[in-house]
Structures are given as C-alpha cells and as structure tokens.
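Here are a few friendly notes on the aromatic rings of this model. Please keep the structure open beside you as you read.

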Amino acid sequence: WVTSIIDNWYLSMMYFKSSLSNATTSKNFTNSKQPKIDINLATKEQLMEVFGIGDKLSDGIIKYRTKLQGFSYDNQIFEVWGIDNEVGERVLQKFVVMKKPQITQKNINDLSFKDLLKEPYMEYELVKKIFNLKKAGWKIYSMDGLKKIDGFPLDKFEKISLYLKAE
C-alpha cells in the first residue's frame, strides 16, 4: 500500500517535471529576464510568439497601431479588438512602448465631421456635439475647451489631445 502511494507520487512528480520542461519551450512561457521589445517596432511574427495571438490578432494589433500612428502608452494594447486582459498582460511581458511615436496633430477646427470621426477616440455622439456647437458659432480656441462639452470623456482627454490641436 505504501509502495503504491510512493510510486504514484513519483509518477506525478515525473509528470510535473515533464510538464514544466515542456512549458519552458512552448510559446505560452515568457522569460521575464528577456529584454523587452518596442511594441511600435514589433513584427507580425514577433507578436505571434505571444500565446493567444495568432494571424488575425497580430494583424489587428498592427492595424490599430497604424491607426494610432504608433502606441503612446502600454495600456493601448487593451484597446485592440479581440485582446482580453490575459493576452494583453502576456503582450506587455514581452513588448512595451520604448519610444513614443511622433504624431501628426490635426486642427480640430479644420476637420469635417467625417474626418473628425476618423480620429482615434472620437465617437459619433461627441463629434455630433462638437459640430452642433460649431454650427452655433462656437470655435475651439484651446483643447481644454473640449472639456466644457456636456458628456466629454475626461478620461480620454490626454489621448485625444495627442491627435488634435486647436488653432
């Protein structure tokens, strides 16, 4: 009886050791001592090394990165459609923003409704409010003026200000 318990324990330890060995060679293991890679320079192939990121999701990350003109903050990875918290955390174990991109800002007063709607973080209802105010003769003299709009997403102000300016 004792021998069978010891044998079972030995077998389970061997299985555990084997599983651990396999985990270190599979793509779901991240060695925290590896130097991180700039997410703005990451290739599709590098992104696909992260467990949970396949062909389509890596394309989605690159497409979103392009729309943003590059990631400015690490947490923007969580804004990519299809990335859940677990996968996002694994991405950030390997990739970070090392150099912020140079973003071309557009003058909010010069943009059409459609063009403003294409800008990152600009949602339809907010753009509609901005244009209703512009029709009423309101001009945006500073980006801080946006904060006065009823329902303006204050938590997104810093990110919106990356892409827009008021002149």
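1. Five aromatic pairs are counted here, where rings of Phe, Tyr and Trp (its six-membered ring) pair if their centres lie within 6.5 Å; planes under 30 degrees apart count as stacked, over 60 as edge-to-face and the rest as tilted. One of them is Phe113 with Phe131, an edge-to-face pair with 5.5 Å from centre to centre and 65° between the planes. Phe113 belongs to helix H5 (residues 113-118) and Phe131 to helix H6 (residues 124-135), so this pair ties together parts 18 residues apart in sequence. Helices (H or I, at least four residues) are DSSP runs, numbered from the N terminus.

2. This is a predicted model: local features need pLDDT of at least 70, side-chain atom pairs count only at pLDDT 80 or more, and totals for chains, interfaces and linings use all residues. Residues are numbered from 1 along each chain as its sequence is written, and side-chain values use heavy atoms, leaving out hydrogens and water.

3. Is Phe131 buried or exposed? Phe131 is buried, at a relative accessible area of 16%, while Phe113 is partly exposed, at 27%. Buried means under 20% relative accessible area, exposed over 50%, partly exposed in between (1.4 Å probe, protein chains only).

4. Phe113 and Phe131 also share one aromatic cluster with Tyr124. Over the face of Phe131 you will find Lys134, 4.4 Å from the ring centre; a charge sits over a ring if NZ of Lys or CZ of Arg is within 6 Å of the ring centre and within 35 degrees of the ring normal.

5. Lys147 lies over the face of Phe157, 4.3 Å from the ring centre. Phe157 and Phe152 are both buried.

Key:
Helices (H or I, at least four residues) and strands (E, at least two) are DSSP runs, numbered from the N terminus.
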